[in-house]
Amino acid sequence: SKKAVIIGAGIAGIAAAIRLALKGYAVEVFEANATPGGKLSEVEQNGFRFDAGPSLLTMPQYINELFELAGKEPSKYFEYQKLDVICKYFYEDKTELTAYADRAKFTDEVSARTNEPTISLEKQAANSRVIYELTNPVFLEKPFRFKALLTKAGFKALVSLRKLGTGDTMHEANKSLFKDKRMIQFYDRYATYNGSNPYAAPATLNVIPHLEQHYGAYFPTGGMYSVTASLVKLATELGVGFKYNMPVDKILLEGDKVTSITVKGVEIPADIVISNMDIWFTYKKLLKDKPELHPQKILQQERSSSALVFYWGMNKKFDRLDLHNIFFSADYKAEFDHIWQQKTIYHDPTVYINITSKLNEKDAPPGCENWFVMINVPANTGQDWDTLVDEARKNILAKLSGQLNENVGELIVTESILDPRGIESKTSSYQGSIYGTSSNSKYAAFMRHANQSAKIKNLYFCGGSVHPGGGIPLCLLSAKIVSELVG
Ligand code: FAD
């Protein structure tokens, strides 16, 4: 059988391995780290377990699809539940708002806590759905080709460009829809789901709430890491070979065709090569002697934002908190200006806390909670991170202590920290960006690297830095597109 080599055991690399094994390929995955998952890995720390990166699961059907494709019963491998409460929001003016999954309950909550007329929520939901229905068939589920715009679905999307909102920014669209500034902030936040800036990203990104509010938010039993673990299990059963601690150092070509890779200097031949490594490093490291083949424009694009994460073991349980919690900044515009213009951290950042021990008790010792505390920060362009992290830690503790009426810092019994440098070095993501390139321009969707090289035969790409984009669902779709392209 034909041999496929996959570079990287991130979630897209694992999904691509499953799909290719099912097509009859002999598949080997080379992973630089000692464990699979890339950003979707886990951290064990003095009796506490943390999911290292992603915490919000949407569109779990894309995971189930892989088990079904292999003729397996998904629930035997991967269990999850739908959340009744998607997220709890805390505003600096002391408003507390619970985002219920149930539409009627959410509408009642918004009416009770804010001055927003319910009609705005209805308009928002309808608008978000329209964008989804127009963009999904053209942009997400298919390899992006300009030709795709000439299909019926593409034509529909094109003539509806106004509805897609490519002229306005997300924030402008939300500002014209909502009266209460708390709801504008609520919906602007969805830009951060792919590492973008609501004050720059096109209103097309107002599609994101549809994924969460219409299709739902989910929690995998056993935590997010079970997504990685269950798919690795399936892949292994299908005969995929995972090689850990095996960083690929080169992609070798004969003419314009890939023939092999090298790992620690040893050549490994392959009929096709799929890179799940960040597109920037794939070219700059693995194909560095072939600058003429680099897609210069794509490699020069602005990167998505990064994250600063504190993994805190807390010696107390907080009844006011849920699985997902947001503590908003008082001035969202200033916060994003700091991230995107000044490339630094605002003194009052929006703080996200994820506590998996709320649903998975084993993740923390009795009486304790595992806090994954994250803020959005700029990509790594050489800032003085040691100083920025120290300052941010103080500001976050002061903010949370004020909101929760507790000295939060005194309750931390164990701590580790992940900053953009760590994300960059642990997963080879250029500048520590979480979602590849940013979507801050209206052409962003057209500017992501394709899933197949235009210049190099038998070379394919999957993962968050290429089409259709970052985040678990899109990464899984990139693997699906690759498996269709290889034929
Ligand atoms: P990556 O996870 O980037 O993994 C790439 C793999 O390739 C790594 O294991 C790396 O070691 C390996 N590799 C790189 N170079 C080489 C080489 N030369 N040789 C061998 N192996 C190599 N998404 C969501 O859907 N919901 C969320 O809530 C969410 N929150 C996030 C929070 C944080 C803090 C982070 C960091 C990410 C978050 N994301 C979220 C994004 C999500 O994690 C990513 O989009 C997704 O996991 C990326 O998967 P990937 O397949 O692109 O591979």
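Predicted model: local features only at pLDDT ≥ 70, side-chain atom pairs only at ≥ 80, totals over all residues.
Residues are numbered from 1 along each chain as its sequence is written, and side-chain values rest on heavy atoms, with hydrogens and water left out.

The shell around the ligand comprises 36 residues, of which Glu31, Lys39, Gly464, Gly471 and Ile472 are the closest; a residue is counted as near the ligand if one of its heavy atoms lies within 4 Å of it. By class, this shell contains 19 nonpolar, 14 polar and three charged residues, where Ala, Val, Leu, Ile, Met, Phe, Trp, Tyr, Cys and Pro count as nonpolar, Asp, Glu, Lys and Arg as charged, and the others, Gly among them, as polar. At least three residues of the shell are drawn from each of domain 1 (3-40 + 54-81 + 221-301 + 439-485) and domain 3 (303-427), the domain bounds being those of an automatic or database domain assignment.

Polar contacts are pairs of N or O atoms within 3.5 Å; within protein, one atom must be able to donate a hydrogen and the other to accept it, and residues adjacent in sequence count only if both atoms are side-chain atoms. A nitrogen atom of the ligand is placed 3.5 Å from a polar backbone atom of Phe30, and a nitrogen atom of the ligand also lies 2.8 Å from a polar backbone atom of Val248. At Gly471, a backbone N or O atom is 2.8 Å from an oxygen atom of the ligand. Of the 1000 Å² of accessible area that the ligand has on its own, the protein covers 94%, as computed by the Shrake-Rupley method with a 1.4 Å probe, only the protein chains shown counting as cover for residues. The elements giving two or more residues to the shell are α1, β14 (306-314), α15 and α17, with the largest share, three residues, coming from α17; helices (H or I, at least four residues) and strands (E, at least two) are DSSP runs numbered from the N terminus.

Helix α17 (472-485) is also included in the cover of the buried residues of α2, together with α1 (11-22), β5 (80-82) and α10 (225-237). Within α2 (residues 61-69), the buried positions include Tyr62, Ile63, Asn64, Glu65, Leu66 and Phe67, buried denoting under 20% relative accessible area, exposed over 50%, and partly exposed in between (1.4 Å probe, protein chains only). The helix is followed by Gly71, whose phi is positive, near 75 degrees.

Glu369, located in strand β17 (residues 369-377), is buried, with a relative accessible area of 2%. A polar atom of the Glu369 side chain lies 3.0 Å from the backbone nitrogen of Phe318, and the contacts of Glu369 (heavy atoms within 4.5 Å), leaving aside neighbours within four places in sequence, include Phe48, Trp312 and Ile355.

Gln431, in the loop between α15 (420-427) and α16 (444-447), is likewise buried, at a relative accessible area of 14%. Beyond residues up to four places away in sequence, Gln431 touches Arg303, Ser306, Ala379, Asn380, Thr381, Pro420 and Glu424.

By contrast, Asp102, in the loop between β7 (96-100) and α3 (103-113), is partly exposed, with a relative accessible area of 42%. The Asp102 side chain reaches the backbone nitrogen of Ala104 at 3.3 Å and that of Lys105 at 3.0 Å.
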